[in-house]
Amino acid sequence: MIARPLVSPPQYAEEVIRGLSSPRKTLPCKLFYDARGSALFDEITLLPEYYLTRTELEILRDRSPEIARAAGSPVSIVELGAGTATKTGTLLSAFARGQMRVKYFPVDISPAALEDARKRIRQDCPPVVVKPIVADFSDGFGFLRNIHERKLVLYLGSSIGNFDWNEAVAMLKSVRGQLSPRDTLLLGTDMVKAPEILVPAYDDARGITPQFNKNILVRLNRELGADFDLSAFRHVAEWSPRASRMEIYLQSERDQTVAFADLNLTVRFAAGERIHTENSYKYTLAMIEQMLCVSGFRLEKTWFDQQKWFGLNLARV
Ligand code: AVJ
């Protein structure tokens with residue numbers, strides 16, 4: 001017997017029990033992002049197949065002066081899920097170059113990431129005042145109320161794509177509810193494209209994405225006392241044209257049982273049975289317009305890269 005620390009199970013235990021007890025097994029994709037998962041995601045963003053980050057950054061580089069003009073000055077830039085703010089520097093520099101007065105409020109659940117963000121911006125754009133906000137979006141967007149200047153809200157990386165349609169609309173509506181007439185939203189969206197491009201982006205040759213996906217099992221082994229055999233699960237990435245999304249699964253390679261020592265739970269898997277771990281929605285311009293419109297925004301302008309693989313959408317309330 002290995003002694004395990006006697007701590008109460010983490011917040012997310014209920015969701016894990018529910019997800020793995022359901023006839024179609026699921027796990028919430030937010031569980032990817034522990035320290036190792038966040039490091040693996042950073043590695044993903046550098047993969048040749050994972051065009052999203054690189055392409056969005058290219059648009060930001062080319063279009064930052066236009067974006068800055070559209071947002072106006074002075075402005076407070078609020079970035080939802082800012083992480084370490086690697087992409088935002090480009091935009092902030094454009095504001096600074098245009099002699100525009102700008103404050104930057106990176107919002108994230110990770111205080112460590114926010115500290116990195118603050119240092120990075122102080123290095124790269126010293127005129128910009130940085131005010132980090134530690135917040136979890138499940139508690140709403142009330143923190144936006146405390147920022148009184150005109151706001152530009154950033155939601156980059158196509159993170160919106162992890163939400164189903166109704167969840168995305170609910171999230172956008174709740175952001176919208178905290179904004180005033182002159183405020184703007186800049187939303188990053190990955191566009192629908194050929195499966196030959198999409199699938200490798202989520203199933204790379206080096207196998208980093210499979211590690212990222214399986215890290216969820218590593219985490220459940222460590223934090224919930226589970227005994228997942230990592231070699232008995234396979235990473236699967238599929239394009240669903242019907243749902244307009246990439247679907248990510250962990251597929252059981254054989255009949256097996258997994259026990260959760262901390263939860264009084266055992267889960268049976270049939271050979272070939274899957275755990276659905278993530279959706280990543282891909283959009284058409286019509287979908288983006290519709291999604292923003294029903295959420296109380298008006299799409300003003302979309303900037304694309306040359307191949308129209310990724311979009312940066314500027315919307316007004
Ligand atoms: C962080 C949600 C934008 O969906 O492309 C990358 C996460 N999952 N590879 C995405 C992810 C697998 C990523 N987002």
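**Reading the ligand shell and the aromatic pairs**

Biologist: How do the residues of the shell around the ligand divide into nonpolar, polar and charged?

Modeller: In this predicted model, the shell around the ligand is made up of six nonpolar residues, four polar ones and one charged one. Among the residues around the ligand are Tyr 33, Phe 41, Leu 52, Asn 162 and Phe 212.

Biologist: Which side chain has an N or O atom 2.5 Å from an oxygen atom of the ligand?

Modeller: That side chain belongs to Tyr 50, while a nitrogen atom of the ligand lies 2.7 Å from an N or O atom in the side chain of Glu 278, and an oxygen atom of the ligand is likewise 2.7 Å from an N or O atom in the side chain of Ser 280. Of the 350 Å² of accessible area that the ligand has on its own, the protein covers 96%.

Biologist: How many aromatic pairs does a search of the whole structure find, and what describes such a pair?

Modeller: A pair of aromatic rings is described by the distance of the centres and the angle of the planes. The search of the whole structure finds 14 aromatic pairs; one of them, formed by Phe 228 and Phe 260, is edge-to-face, with 5.7 Å centre to centre and 90° between the planes. Because Phe 228 lies in the loop between helix H8 (208–224) and strand E7 (233–240), and Phe 260 in strand E9 (residues 256–260), the pair ties together parts that are 32 residues apart in sequence.

Biologist: Are Phe 228 and Phe 260 buried or exposed?

Modeller: Both Phe 228 and Phe 260 are buried.

Definitions and conventions: Residues numbered from 1 in each chain as written. Predicted model: local features only at pLDDT ≥ 70, side-chain atom pairs only at ≥ 80, totals over all residues. Heavy atoms only, no water. Near = heavy atom within 4 Å. Polar contact = N/O pair within 3.5 Å; in protein donor to acceptor, adjacent residues only side chain to side chain. Areas by Shrake-Rupley, 256 points an atom, 1.4 Å probe, with all protein chains shown as cover. Nonpolar A, V, L, I, M, F, W, Y, C, P; charged D, E, K, R; others polar. Phe/Tyr/Trp six-rings, centres within 6.5 Å; stacked < 30°, edge-to-face > 60°. Helix = DSSP H or I, 4+ residues; strand = E, 2+ residues; numbered from the N terminus. Buried < 20%, exposed > 50% of the residue type's maximum accessible area, 1.4 Å probe, protein only.
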